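Dear colleague,

Please find below the structure that I am handing over to you. My findings follow it, and I would ask you to read them with the structure open.

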Amino acid sequence: MTSRSKLMHGAALGVLALLSAATVAHAQQALPQITIGAAPVRPPATRESTAGEEGIAPGFSAARAKLPIYRDPPGQTVTIVNTKFLKPTPLADVRRVLEYSPGVSVQQGNNPRDLLISIRGSGNRLGPGFPTGIRNIMLYEDGFPITTADGNSRTDLLDPHSYTAIDVYRGPSSALFGNYAYGGALNFRTFSGAEIDGVHTGSEFGSFGYVNNYVRVGKAVVDSTLGAFDLSFFASDANSSGYARNSFSGKQAKLLGRWDVTPTDRVIVKYIANNLRSEFINRENINVFYLNPFQQNYGCSIAVPLNLNLCNNLNVPANGISGALTRQSVWQLGTHQNSLRQIAGVQFEHDFDNATTWRSQFTYDYLDNISGTWPPPLVGPGGQGGPVALRGPTVGITGQSDITSHTDLFGFPATHFLQFFYSNAKTTNPLFNQIANTWYSGAIGAQVGKLDYYTSNIGLRAREEIALAPGLTGVIGFSANWNRVWGVSTAYNYPANLAPRFPTQVAVDNDYWNTAPEASLTYRYNPEWQVRARYATGYSTPTFVFLTSTRNGVGSNPLKAQTNMGVDLGIDWTPSPELNFSVTGFNEWHRNEILTLNNALVSYSQNIPSSLHRGVELNADWRPFDGWRLIAAYTFNNQFFTNYWDDLGTVAGRAVLYNRAGNRIPNVAPHTVTMRLGYDQPYGDLSGLGAYAEYIFKSNYTIDNANFTTLPSYSLINLNAHYNHDIDNFYVKNIELFFEVSNVFNRTYVAGAFVVANSLLAGPIQTPLVWPTGGLVTAQGAGILAGQPRAFAGGIKLKF
């Protein structure tokens, strides 16, 4: 229950915010505008190199110059991936964009447009109890939050064709972004009307039935009476039959508008509508992966005994209620997801004078979800422990009110920032058994459970940026957040006579108080060299689902909030517009990191008392000769437990614990590389004709705490040819054609995996990995997904 002292802390924060801000709106956050005004202190290149910017120095973006909601805070470890260099690349999802930022990894989720995005490994701890979504990083679009108040973000609304750039904030960032910025944040920037200046349309098509038709429309207008307007619109329709019988259909529309009402008043509006229907991928164990990775052969869509060792089919009640189980594939069960998402936001800015700006922002977020998940997010509903269908909405609001002032501090140019924020989300999800042989209808059986819960955040952020000397900028920041999670998880049990028993309920009412200090120094030695040093903290509180299941499936889980204290040291080198290079070393101390495990009975979460994450991140953009370009990103991750005793159960009434100190943290690859070498003819009759080769490498990594099971490393080669041509004196201004072969050598590789628990044989002996009698890593539910085999894709783009 909420303590009186913590309530007093929250009340004190609210009073302080009311006294400090011109007005207060119910809020969480958007990306605040904080800039050091003195040009000599913050020249254009004031942070890491920008991947993909063409013909301009790092640190400058045309979009930033037009829309002030974008920001580039000094001291942050930031990479901006500009999508301009990806124009000739087929973009089925944002994976191809994000892979060019060091520190970021992307794994395949349960449906084709469900990606698990991680910064420095922080998002790879999830197990199958959290089947879709992203945690431990904050997501924004044009500065408006698309992460709900419970910390859940989804990737199905992220169509990369709508984005001009993605800002990647790496490392703990709660001082700037609050709760859930445990590992960092992402801001997806859509095209402004000025950037589009007309109509852009394109079509992509390729193997496995992939088709994506999209359009961008935008214009900037200045009216002497009404003021300046900038309006952009995006719509897309994407479809695919899938390489593993996991089709999807996604339709979306986006609107971004800005109106300069007066020279001192601005209004920005944002709207997103997304409709996704997709089939779930049938996750498999490691043996099935080696024998039948795409689940396409051997009659895996039909459950017959001869197939059981080659297919990863599921068990459900034959009558849809309880009793005898039948083995089914996800296609027989009609397991799918249908989600409708609408996000609407508005932001108002007012300049009191040349030095002081007040801003308020409000966002409404509605998600209606119909989903068949496996295994269930609730422990053993109906006593079956099998796949369940989830229904129901999540409705949330976020908002903020902040004030920014540019005035001297003790004679030094400085920027002062203070923000009050609030967020709330209400989720109601009835859970139903799935019915055998429903195929694509997705019919549901008896209700076996219900999730009904609230999440709220309230707090304050403050920040000081000070120009200490020419080229030297210092930053101190602070965030305080009070988070409350409360609700009830209900399970209905059905005995043999099918009469429902009295429901079993797990009640949760937890509150968390977290603070996050931050300090940094950025020194621009000269236009070529910059050094960054940063100390920062991050925190992330558990979601309701994590709090309703334990290892044994009984009672509530007393999880603590996880905290991350990190130090970054980086060097940026930009000797010329043709070369920029950046290297960042990081060392992060994690406390109570949440690890989600699957033990085939239940998905449950544990706090890891302490762990250490450290590594190196490199990125480079080099144009050695006219037309030639090399872009590369590399990440080294060395992550291991420093204090963790893994509870594997009991033998003869005594708990069996294994010391995992020194073991690698599962589901984090030590080495990842993304590299592209290309040539585009810069002049002459063949101007615009080009090609590139892309290399992607991921080293092997473990997926269990004992480090018994290692998934193999892989290397992929993609080849692309394209042609871009401007047309004079015609209503079509530009045409672009491209064709690509991905995974040229048809490698079979693991595109995504869940962390799995180890188990015991008779006596205190950890499970050996022997199939088919071995432990969970080789049993049904190990949660491995094969990556896409060789595929062909092409497309055409037109500008009007």
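Two residues are said to be in contact when they have heavy atoms within 4.5 Å of each other. Please keep in mind that this is a predicted model.

Leaving aside residues up to four places away in sequence, Gln-252 touches Arg-113, Asp-156, Leu-157, Leu-158, Asp-159, Phe-234, Ala-235, Ser-236, Ala-273 and Asn-274. Is Gln-252 buried or exposed? Its relative accessible area is 5%, and buried means under 20%, so Gln-252 counts as buried. The side chain of Gln-252 also makes a polar contact, at 3.3 Å, with the side chain of Lys-254.

I turn next to the empty space inside the model. Rolling a probe the size of a water molecule over the atoms shows where such space is left. The count comes to 14 cavities of 30 Å³ or more. The largest cavity holds about 940 Å³ of space. It is lined by 46 residues, of which Asp-93, Arg-95, Arg-96, Tyr-749 and Gln-788 are the closest to its centre.

Which elements supply the lining of the largest cavity? Those that each give at least two residues include α3 (95-98), β27 (628-643), β34 (714-726) and β38 (791-799). The largest share, four residues, comes from β2. By class, the lining of this cavity has 24 nonpolar, 15 polar and seven charged residues.

Yours sincerely

Notes. Residues are numbered from 1 along each chain as its sequence is written. This is a predicted model: local features need pLDDT of at least 70, side-chain atom pairs count only at pLDDT 80 or more; totals for chains, interfaces and linings use all residues. Side-chain values use heavy atoms; hydrogens and water are left out. On a 1 Å grid over the protein atoms alone, a cavity is a set of points where a 1.4 Å probe fits but cannot get out, and a pocket is an open set with protein on both sides within 12 Å along at least five of seven lines; lining residues have an atom within 4 Å of a point. Grid points are joined across faces, edges and corners, and a volume is the space filled by probe spheres set on the points. Ala, Val, Leu, Ile, Met, Phe, Trp, Tyr, Cys and Pro count as nonpolar, Asp, Glu, Lys and Arg as charged, and the others, Gly among them, as polar. Buried means under 20% relative accessible area, exposed over 50%, partly exposed in between (1.4 Å probe, protein chains only). A polar contact is a pair of N or O atoms within 3.5 Å; within protein, one must be able to donate a hydrogen and the other to accept it, and residues adjacent in sequence count only if both atoms are side-chain atoms.
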